[in-house]
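Student: Please walk me through this model, one feature at a time. I would like the general idea, then the case here.

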Amino acid sequence: MVAKTGTSPGRSQSVDREPRKRKQHKNQTALVLRILECLSQDGNQRELIGQILQLAKEFSGCEAAGIRLRDGEDFPYYQTTGFPDEFVLAETSLCSRDPHGLPMRDDFGNPVLECMCGNIICGRFDSKKPFFTCGGSFWSNNTTEMLASTTEEDRQARTRNRCNGEGYESVALIPLGFQGSNIGLLQLNDKRRNRFTPELIEFYEGVGQSIGIILARKQAEEALQVSEQKYRSLFTGMLNGYAYCKMIWDKNNEAVDFVFIEVNDVFER
């Protein structure tokens, strides 16, 4: 008897998946490198965020994408692509407001942020629920079914359901984290179902962490520049003469002299 040779169906499927995995990993690496390249550039932050958002949208294949960033006490959309203008206008603010239009606050004085976006930004999630991850993200491949089978208590907050109302079945909300808090989130929406996998969401969480860290540093640098400009304007515009000096101390820790480091125009005159 001659034994038949060949590959079992399970083995064949496993081999077929390997090239796809390698290609996916290559594409993911390329996306991360392009995002980091954008973030390392000097220039207008809004334009850079727009470039990053377009990269994320193209990689995901989703119809719409957006990035929310902190602005005072709220987290409005900073940049969007693919969303209808009416949707962006209606969903920009996350703050829950009282009848007078003032932000409502929790017991600690923090503004109450609504909907699932508010959950992710505030870290309100239960990783035991299938639509939350241990990394603090939300995702669903069928928002209609998710809403029908859960309560607001399950979803951790009152949800506006506008994403589902617009027909978006696949929705992912990825936190942009920095030092234990979130400065915003990345949102991906598509009207088709089953656009995400757990592995893909985990990848986006890594991307979100990178974006959050670099953006937070850029914002801190910009805030420092603004502060320095205000100081410079105040210092040079004073009506009185002022000087910034460095003291010189002897070995007995007594001041013996000083050096002018900077003086304003009035002092110089």
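Student: Is Phe 132 buried or exposed?

Tutor: Buried means under 20% relative accessible area, exposed over 50%, and partly exposed in between, with a 1.4 Å probe and protein chains only. Phe 132 is buried, at a relative accessible area of 4%. Phe 125 is partly exposed, with 32% relative accessibility. Keep in mind that this is a predicted model: local features need pLDDT of at least 70, side-chain atom pairs count only at pLDDT 80 or more, and totals for chains, interfaces and linings use all residues. Residues are numbered from 1 along each chain as its sequence is written, and side-chain values use heavy atoms, with hydrogens and water left out.

Student: What kind of aromatic pair do Phe 125 and Phe 132 form?

Tutor: Rings of Phe, Tyr and Trp (its six-membered ring) pair if their centres lie within 6.5 Å; planes under 30 degrees apart are stacked, over 60 edge-to-face, the rest tilted. The count here is 13 aromatic pairs. Phe 125 and Phe 132 make a tilted one, 6.3 Å centre to centre with 50 degrees between the planes.

Student: Which parts of the chain does the pair of Phe 83 and Tyr 168 link?

Tutor: First its geometry: Phe 83 and Tyr 168 are edge-to-face, 5.7 Å centre to centre, at 85 degrees between the planes. The pair links distant parts of the chain, 85 residues apart. Phe 83 is in the loop between strand S2 (77-81) and H3, Tyr 168 in the loop between H6 and S4. Helices (H or I, at least four residues) and strands (E, at least two) are DSSP runs, numbered from the N terminus. Phe 83 is buried at 7%, and Tyr 168 is buried at 2%. Ring pairs also join Tyr 77, Phe 83, Phe 87 and Tyr 168 into a cluster.

Student: Which residue lies over the face of Tyr 77?

Tutor: A charge sits over a ring if NZ of Lys or CZ of Arg is within 6 Å of the ring centre and within 35 degrees of the ring normal. Arg 68 lies over Tyr 77, 3.9 Å from the ring centre. Arg 46 has its charged end over the ring of Tyr 78, at 4.1 Å from the centre.

Student: How do I read empty space?

Tutor: Rolling a probe the size of a water molecule over the atoms shows where empty space is left. On a 1 Å grid over the protein atoms alone, a cavity is a set of points where a 1.4 Å probe fits but cannot get out; a pocket is an open set with protein on both sides within 12 Å along at least five of seven lines; lining residues have an atom within 4 Å of a point. Grid points are joined across faces, edges and corners, and a volume is the space filled by probe spheres set on the points. The largest pocket has a volume of about 360 Å³. Of its 22 lining residues, Phe 75, Leu 113, Ile 121, Cys 122 and Asn 182 are closest to the centre. H4 gives the most to this lining, 3 residues.
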